[in-house]
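Me: I would like to go through this model by asking what stands behind each label that is given to it. Please set each value against its cut-off before you conclude.

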Amino acid sequence: MLVCFVGEAQVTPKENTEMGYILTENDSILNDTIQLPEIIISREKLDPEAQKQFMILQNRVYKTYPYAKVASDRLTALNRGMARLKTNREKKKYFKIVEDYLNNEFEDRLKKLSRKQGQILVKLIHRQTGITTYELVKQLKSGFKAFVSNSTANLFDISLKREYKPYEVNEDYLIETILVRAFESGRLINQKPANPVNYNDLMTHWEAMAKKPLEK
């Protein structure tokens with residue numbers, strides 16, 4: 001289990017990169033398929049290995065969050081546009097325009113994401129929209145298409161039905177920590193999630209979880 005306490009761990013300063021990240025998937029440490037070891041971010045400086053693992057996760061969040069934000073924006077715009085239309089023919093035509101835009105604008109870029117980046121993106125889409133990527137695809141396409149997409153993703157260990165659960169999954173808590181810091185520093189633009197998280201409560205929850213083994 002990963003455990004994360006908010007403290008004074010280092011945050012990489014801003015760079016002049018468009019997406020707001022420094023490391024890339026071409027870096028050797030990011031090409032490794034790693035299960036993150038236990039990471040404790042406290043007032044003491046992280047050891048080099050723990051710092052490296054946290055930075056890898058941070059980079060992945062920086063790269064994928066903008067896509068999740070756009071997905072939420074487009075879904076909101078789609079729902080508003082559909083609500084203004086009266087006939088099924090108008091809705092179908094509008095739907096096709098939005099679908100073609102998303103495919104042309106993002107499909108090639110999303111295909112270049114690594115397996116782990118894809119896993120994190122699925123979680124972040126759920127965080128921002130309140131629905132899973134599977135349901136999002138199902139809305140934009142047919143249910144069969146969503147099933148096929150999910151089956152294909154599972155071949156690469158990416159379930160499109162995966163949800164964002166920062167109170168249950170420690171990696172999601174680490175992701176929330178990274179996002180909170182990125183919003184405060186201005187590295188990422190804060191978009192209100194579908195289900196807002198009280199970060200102070202979340203931090204208290206994980207602090208209590210970390211103390212449980214010590215109390216036994």
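Me: Why is Leu 160 called buried?

Reply: This is a predicted model, and in it Leu 160 has a relative accessible area of 10%. Buried means under 20%, so Leu 160 counts as buried. The residue lies in the loop between H6 and H7, and, leaving out residues up to four places away in sequence, it touches Val 122, Thr 132, Thr 133, Tyr 134, Ser 149, Asn 150 and Ala 153. From Leu 160 to Gln 119 the C-alpha to C-alpha distance is 8.3 Å, although the two are 41 residues apart in sequence.

Me: What makes Ala 153 count as buried or exposed?

Reply: The relative accessibility of Ala 153 is 11%, and since the cut-off for buried is under 20%, Ala 153 counts as buried. Ala 153 belongs to helix H6, and beyond its neighbours within four places in sequence it is in contact with Ile 158 and Leu 160. Between Ala 153 and Gln 119 there are 9.5 Å in space, C-alpha to C-alpha, and 34 residues in sequence.

Me: How do you know that the buried residues of H5 are on the same side of the helix?

Reply: The buried residues of helix H5 (residues 133-140) are Thr 133, Tyr 134, Leu 136, Val 137 and Leu 140. They cover an arc of only 160° around the axis, and therefore they lie on the same side of H5. One of these residues, Tyr 134, also has the charged end of Lys 161 over its ring, 4.6 Å from the ring centre, where the distance cut-off is within 6 Å.

Me: Why is the pair of Tyr 173 and Trp 206 called stacked?

Reply: A pair of aromatic rings is described by the distance of the centres and the angle of the planes. By this rule there are three aromatic pairs. For Tyr 173 and Trp 206 the ring centres are 5.5 Å apart and the planes are at 5°; the cut-offs are within 6.5 Å for a pair and under 30 degrees for stacking, so this pair is stacked. The pair joins distant parts of the chain, with Tyr 173 in helix H7 and Trp 206 in helix H8 (residues 199-215), 33 residues apart. Tyr 173 and Trp 206 are both buried, and together with Tyr 199 they form one aromatic cluster.

Me: What makes up the largest nonpolar core, and which residues have the most contacts inside it?

Reply: The largest nonpolar core has 23 residues, and those with the most contacts inside it are Leu 57, Val 61, Leu 124, Ile 175, Leu 179 and Leu 188. Helix H2 (48-84), helix H4 (115-129) and H7 each supply at least two residues of this core, and the largest share, nine residues, comes from H2. Leu 179 touches Val 61, Tyr 65, Leu 124, Arg 127 and Leu 188, apart from residues up to four places away in sequence. A second, separate core of six residues includes Tyr 173, Val 180, Leu 202 and Trp 206.

Me: How many helices and strands does the protein have, and how much of it is buried?

Reply: The protein has eight helices and zero strands, and of its 216 residues 43% count as buried. Among contacts with a separation of 6 or more, 77% join residues 24 or more positions apart. The protein exposes about 12800 Å², of which carbon and sulfur atoms supply 51%.

Key. Residues are numbered from 1 along each chain as its sequence is written. This is a predicted model: local features need pLDDT of at least 70, side-chain atom pairs count only at pLDDT 80 or more; totals for chains, interfaces and linings use all residues. Side-chain values use heavy atoms; hydrogens and water are left out. Helices (H or I, at least four residues) and strands (E, at least two) are DSSP runs, numbered from the N terminus. Buried means under 20% relative accessible area, exposed over 50%, partly exposed in between (1.4 Å probe, protein chains only). Contact means heavy atoms within 4.5 Å. Accessible areas come from the Shrake-Rupley method with a 1.4 Å probe; for residues, only the protein chains shown count as cover. The arc is that of the directions from the helix axis to the C-beta atoms. Rings of Phe, Tyr and Trp (its six-membered ring) pair if their centres lie within 6.5 Å; planes under 30 degrees apart count as stacked, over 60 as edge-to-face and the rest as tilted. A charge sits over a ring if NZ of Lys or CZ of Arg is within 6 Å of the ring centre and within 35 degrees of the ring normal. A nonpolar core is a set of buried Ala, Val, Leu, Ile, Met, Phe, Trp, Tyr and Cys residues joined through side-chain atoms within 4.5 Å.
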